[in-house]
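Biologist: Could you take a close look at one part of this model for me? I'd like the salt bridges first, and then whatever they lead on to.

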Amino acid sequence: MKHTLQQVFHSGRFVVGFSVFMVVLLIVIIYPLILPYPPLEIIGQGTFFPPGIYVNVYDSIGFTTHYTLMLDEAAAKRIASKLNEEDRLAIKEWLVASGVPEDEIDTTDTERLLDQWANNYDAKVKIPGMTNAQRNYYIRLDASLEGILSTEGAIIAAKNPDTGALEEKGTVEQPDYANVGEVPNVRVLPLGTDNFGRDVLTELVRATGVSLLIGFVAGIVATSIGLTLGLLAGYVGGLMDDGIMFVTNLFTVIPTIVLLILISFSIGQERRGAVTIAVVIGVTSWVWTTRAVRAQVISLRNRDHVNLSKLSGHSIFHIILADILPYIASYVVMALILQISLGILAEAGLSILGLGPRTTEVPTLGLMMYWGMIYQAQILGKWWAYFPVVIVIALISFSLNLMNTGLDQVFNPALRD
Amino acid sequence: LKGYSRYFGGKMAWFLVTLVFAFILNFMLPRLMPGDPVAAILSRMAQGMSDASGVQATYEHYTELFGLDRPMLQQFFIYVNNVLHGDFGFSIAQYPRTVTDVIASSIWWTVILQLPAIVVGWLIGNFLGALAAYRRGVFDKVLMPASLFASSLPAFGMAIILLVVFAVTLEWFPTSGGYGFDMIPNLSWEFIWSVIVHYQLPFWSIVLIIIGGQAIGMRSMAIYELNADYVKYSRFMGIKDRKILRYVFRNAMLPQITGLALAIGTIVGGALVAEIIFNYPGLGSTIFTAILGGDYPLISAVMLIITLMVLITTFIIEILYGFIDPRIKTAQAEA
């Protein structure tokens, strides 16, 4: 046993796959201990907030010390964030259309461009060929440029509860800075929020855990059924073998996805929990294991040590446990690993069809994909809502497959390099 | 020829038994579902109907129309009879369209998408796998992990990556649909071109996944064969590498064909999900909307069609296999 383990861990592929898998597993276990946010809590009022550090504006204006930092680039950055490349070209277009010679306009010279704009723009002027939407765009642009070059600060005012009049509370100067560490309310959303306004990273970690559980349960169920049927068919033989093989062949030919969809659909939305889905996946995917185990057992059935055990009067149960199982153990482990990976993929496929576990209860990787797709995250360019999910699924499945090929190389010498 | 006919006869019998069994499952499972399909239609039809006896009459009319007032067994035989006449009943969500009508407008998209994708993916994958086994070295070191990664990606994952890279970011191909949304299907060059452009992303997303899986399988088989005695003997005899490679390829290909027959159900399932991502007007999108709408006659029928497609494909592959592998003929003739 020890020797086998040593051999297994000498296989580079296995070690890489195993490490990746362990890292994923550790993150799933440790993350909730450090950041115990509830994974399904809806924190964002709105859909798909981009990834970033969210600093409370109210707190950072009113209740934190303001530090004055004189940084050279500050004004330029402020203007650039309000006036992007597209806006500059739009301004140029308007200016040219209103009669300013094209060679006098330089879109890189912000001050001069704004100056020309202020001198020439008139919302009432009708430019031929301009649509209403474009006119409105220019009106909005003009409003947003109001005071863009000013160096004055902003005044903070609050309503007096008695008189209703605005009272000045303080001013915020342009070179004022707040230290993020001193702002009491800061939330880091490394992967933004999803369509419900949930923290994607927290949800993703929890979903990975649930999906691993689903894969594991599905794998255990499928492997147990497959192993039992395979052992019975292979060792007992006869009518038992014929019966089991008949059913196995039947299930091989009926596509698994068809069974999965039909059964999940029949269970109905209300009764679909994560474990139910896992069991359904397990129950529909044992055929491969049965075939493989049966073939192995048949080749073992008439070996000398098995015959000796039979002559010694051991029970069938004992023979299977002591003389057959140890010889097919590596096979069974490989089948289990494959089933786990297939189980995770099957859950994701089912959930994308809307047949996954109930959304309100647990997140799963498949459900996250489903909602991302329903809300068209891929078309809207909200990559954080679906791409990390695809990557996690691929990583888990890749690591498990790597482990499997590693094991294959160890136990199947013909494949060794 | 006696050997062949026995082989085909056996396969044919299996084909029919499985079909019957799948058919029964298809009929039974959705009908075990809680909920009343007639109520679903009625809630739409009865909007604005204030007369309670009118609603009751409508309900009874539809229950009778779908034959839901009869015992299950009788319903089953009526269903069998109808299906044999090509009548799958009405779609609930798209009433009064018939299920046959809905399926007829989507099945060809799926067939034309998946069949070539599976064949092309299988050919390229096996070629690359054999090449990797033969060449080894850098080619193998790059191809192996890449294939493993590609085959680890779920079908929808590959579809989304292609979609984001080539449709959303680069804008080389359209994001969804089977043809331009501003077009009506006809036989003009413009329409055909639009179909071809829309075809690319779904097609390659399926092909790439199949390439990954097949390349890995073929590589293992080919390495196994390359170590076989007949290869060493042929080398010893001074037979040219190209010729040996052809032997190896042919021998390693046989298990790959069986593998394809066994995996075709999984491939089709994955491809159906890929269709949904691209909003391709095939069976995948049809079943997606059917599930969302709780449209169980449509779900049953699509499932039956998919089962039938997979069964027929498997059957054809096994028939071909019988011709390719001479051992089958002898084995059957001896038995």
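How many salt bridges does the rule count over all chains?

Modeller: Bear in mind that this is a predicted model. The count over all chains comes to three salt bridges. Let's start with R187(A) and D199(A), whose side chains meet with N to O at 2.9 Å. That pair ties together distant parts of the chain, 12 residues apart: R187(A) sits in strand β6 (residues 186–189) of chain A, and D199(A) in the loop between β6 and α8 (200–236) of chain A. Both R187(A) and D199(A) are buried.

Next up are R198(A) and E203(A), with a salt bridge at 3.1 Å, N to O. Here, too, R198(A) and E203(A) are both buried.

Then there's R294(A) with D241(A), where the closest N and O atoms are 2.7 Å apart. This one spans 53 residues, from D241(A) in helix α9 (residues 238–253) of chain A to R294(A) in helix α12 (residues 287–301) of chain A. D241(A) counts as buried because its relative accessible area is 11%, and the cut-off for buried is under 20%.

And the interface? Between chain B and chain A the salt bridge count is zero. What you do get there is about 4,300 Å² of buried area, 82% of it on carbon and sulfur atoms, plus two residue pairs in polar contact. Several helices of chain B each supply at least two residues to the side touching chain A, among them α1 (2–31), α9 (189–226) and α13 (296–324). Of these, α1(B) gives the most, with nine residues. By type, that side of chain B splits into 37 nonpolar, 11 polar and two charged residues.

Notes
Residues are numbered from 1 along each chain as its sequence is written. Chains are lettered from A and ligands numbered from 1 in the order in which they are written. This is a predicted model: local features need pLDDT of at least 70, side-chain atom pairs count only at pLDDT 80 or more; totals for chains, interfaces and linings use all residues. Side-chain values use heavy atoms; hydrogens and water are left out. Buried area is the accessible area (1.4 Å probe) that two parts lose on being put together, summed over both. A salt bridge is a side-chain nitrogen of Lys or Arg within 4 Å of a carboxyl oxygen of Asp or Glu. A polar contact is a pair of N or O atoms within 3.5 Å; within protein, one must be able to donate a hydrogen and the other to accept it, and residues adjacent in sequence count only if both atoms are side-chain atoms. Helices (H or I, at least four residues) and strands (E, at least two) are DSSP runs, numbered from the N terminus. Ala, Val, Leu, Ile, Met, Phe, Trp, Tyr, Cys and Pro count as nonpolar, Asp, Glu, Lys and Arg as charged, and the others, Gly among them, as polar. Buried means under 20% relative accessible area, exposed over 50%, partly exposed in between (1.4 Å probe, protein chains only).
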